[in-house]
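This briefing goes through one protein chain by topic. Please keep the sequence and the coordinates open while reading.

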Amino acid sequence: MSDMRATDRPTVQMVGHNPVLLWGMDTAERTRRIAVAAKLPFGEAPGHRPSLLVNAGYAFDPAWLRTLAAKPNHVLTVAGKPVIAHVTDQASTAAEDIAAGRIPAGLTVMAHEQGGAMVNDELRKRELPFATPLTPASVAAVERASYVGAYKGVTDALTKYLWPEWALFLTRRCAAAGITPNMVSTFGAILCIITTILFAYGHYWPALAIGLFFMVLDTVDGKLARCTITSSKWGHLLDHGVDLIHPPFWYVAWGLGLYAWGLELSPPVFTAVMAVIIGGYVAQRLIEGAFIALFGMHIHVWRKIDSDFRLITARRNPNFVILAGFLAVGRPDLSIVAVAWWTAISLVVHLSQMAQAAVFKLRGQPIRSWLDA
């Protein structure tokens, strides 16, 4: 889409009206937000410009609008009914056909039921984006489909298996209350700071409870932004900035909190543990960035085994489980030592992944994501 000249971009036009609300928006407002995010004009008179005609009776993943924008004279259908049509002329006639549930003449049909999965690099997954009728009876199911479509495919085990239902509930409540993603991120940042302070004073269980809520909210803000089509540069910076910066502070605070338990680490051990955790954390982040720069993809989507390892790699959420596990048997000192060991092991795995990719490249072997297979 970024390579398309402004004059070549089709204008997005709604066909019909649907009062049913999805995430608090009718289909016209939701489509407008999708069009703006895709840098497509919305609601303008077509003139000599091609048009993307959107059937108001359907809801669809934003990926479909971007896909159809690049496919002139194609129409996406669901159960034989037109959903999005990219017409280069006779927009008025085509709109009448769509309003009547007919496929405009001369268009190549892309049947949703026969569509292949698409790779979403941002969310690191491969799936068929949803497109479905939107009726009062289908709102809950369509919101769930929209939410699932906004969820990362390659992530840690807690985010992938434990958070989804909790985060869906909170995402729906936030959307209904008019709470924005940035509000969620800001509140989450406050909880993150409170968690850090409680760790430092050895109040581990209250800190873990608040930290758990913060971690779920860390999923909610991104899903809320994608579901309501309200992503912004500032929101992205706030969300990912907090994610990137806070984990080392948690680990240092945890180590300091051991004094309240009488289980403090000796200064040399404390220094070594923190050096391994913080150094390993920074090194892994740098390796991930270098992998993207060198090979054009995230390190965790190269091979299936790399995606599987992302489930447990030494990031905040898996480390959270380690901290809580040893605390449950009354040994918070072993918690932080175990995190250091797991960080070191994860760093070795990351270095191995980078080395293997370098060998593949030197041998002239293609380095492609398993998601593209």
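**Briefing on the chain**

Ser-51 has its place in strand S2, residues 51–55; helices (H or I, at least four residues) and strands (E, at least two) are DSSP runs, numbered from the N terminus. The model is a predicted one, in which local features need pLDDT of at least 70 and side-chain atom pairs count only at pLDDT 80 or more, while totals for chains, interfaces and linings use all residues. Residues are numbered from 1 along each chain as its sequence is written, and side-chain values use heavy atoms, with hydrogens and water left out.

**Whole chain**

- The chain has 12 helices and 9 strands.
- Its C-alpha trace spans about 80 × 55 × 30 Å along the principal axes.
- Of the 373 residues, 49% count as buried; buried means under 20% relative accessible area, exposed over 50%, and partly exposed in between, with a 1.4 Å probe and protein chains only.
- The accessible surface of the chain is about 17,500 Å², and 65% of this belongs to carbon and sulfur atoms; accessible areas come from the Shrake-Rupley method with a 1.4 Å probe, and for residues only the protein chains shown count as cover.
- Among contacts in the chain with a separation of 6 or more, 72% are between residues 24 or more positions apart, where contact means heavy atoms within 4.5 Å.

- Two packed helices are described by the angle between their axes and the distance between the axes.
- Axes are lines fitted to C-alpha atoms, for helices over the stretch in contact, and angles run from 0 to 180 degrees between N-to-C directions.
- Helix H5 (residues 157–177) packs on helix H7 (residues 204–227) at an angle of about 65°, and their axes are 8 Å apart.
- That angle makes H5 roughly perpendicular to H7; angles under 35 degrees count as roughly parallel, over 145 as roughly antiparallel, 65 to 115 as roughly perpendicular and the rest as oblique.
- H5 and H7 cross in a right-handed sense; a crossing is left-handed if the near helix is turned anticlockwise from the far one by less than a right angle, and right-handed if clockwise.
- On the H5 side the contact includes Leu-158, Trp-163, Trp-166 and Leu-170, and on the H7 side it includes Leu-212, Phe-213, Met-215 and Lys-223.
- The residues of the H5 and H7 contact divide into 14 nonpolar, 3 polar and 1 charged; Ala, Val, Leu, Ile, Met, Phe, Trp, Tyr, Cys and Pro count as nonpolar, Asp, Glu, Lys and Arg as charged, and the others, Gly among them, as polar.
- Helix H6 (residues 181–200) packs against H7 at about 160°, with the axes 8 Å apart.
- That makes H6 roughly antiparallel to H7.
- The crossing of H6 and H7 is left-handed, and the residues of this contact are 20 nonpolar, 4 polar and 1 charged.

**Helix packing of H4 on H5**

- The axes of helix H4 (residues 139–149) and H5 come within 11 Å and cross at roughly 120°.
- The crossing of H4 and H5 is right-handed.
- Ala-140, Glu-143, Arg-144 and Tyr-147 of H4 meet a set of H5 residues that includes Trp-163, Glu-165, Leu-168 and Arg-172.
- By class, the contact of H4 with H5 has 6 nonpolar, 1 polar and 4 charged residues.

**Positive phi in loops**

- Most residues other than glycine have a negative phi.
- Gln-90 is not a glycine, yet has a positive phi of about 55°.
- Gln-90 is in the loop between strand S5 (81–87) and helix H3 (91–99), and at 57% relative accessibility it counts as exposed.
- Ile-229 also has a positive phi of about 55° although it is not a glycine.
- Ile-229 lies in the loop between H7 and helix H8 (233–261) and is buried, with a relative accessible area of 16%.

**Single residues and distances**

- Ser-51 is buried at a relative accessible area of 1%.
- Ser-51 and Pro-10 are 41 residues apart in sequence and 4.7 Å apart in space, C-alpha to C-alpha.
- Ile-98, in helix H3, is buried with a relative accessible area of 2%.
- Not counting residues up to four places away in sequence, Ile-98 touches Val-15, Leu-53, Asn-55, Pro-82, Ala-85 and Pro-104.
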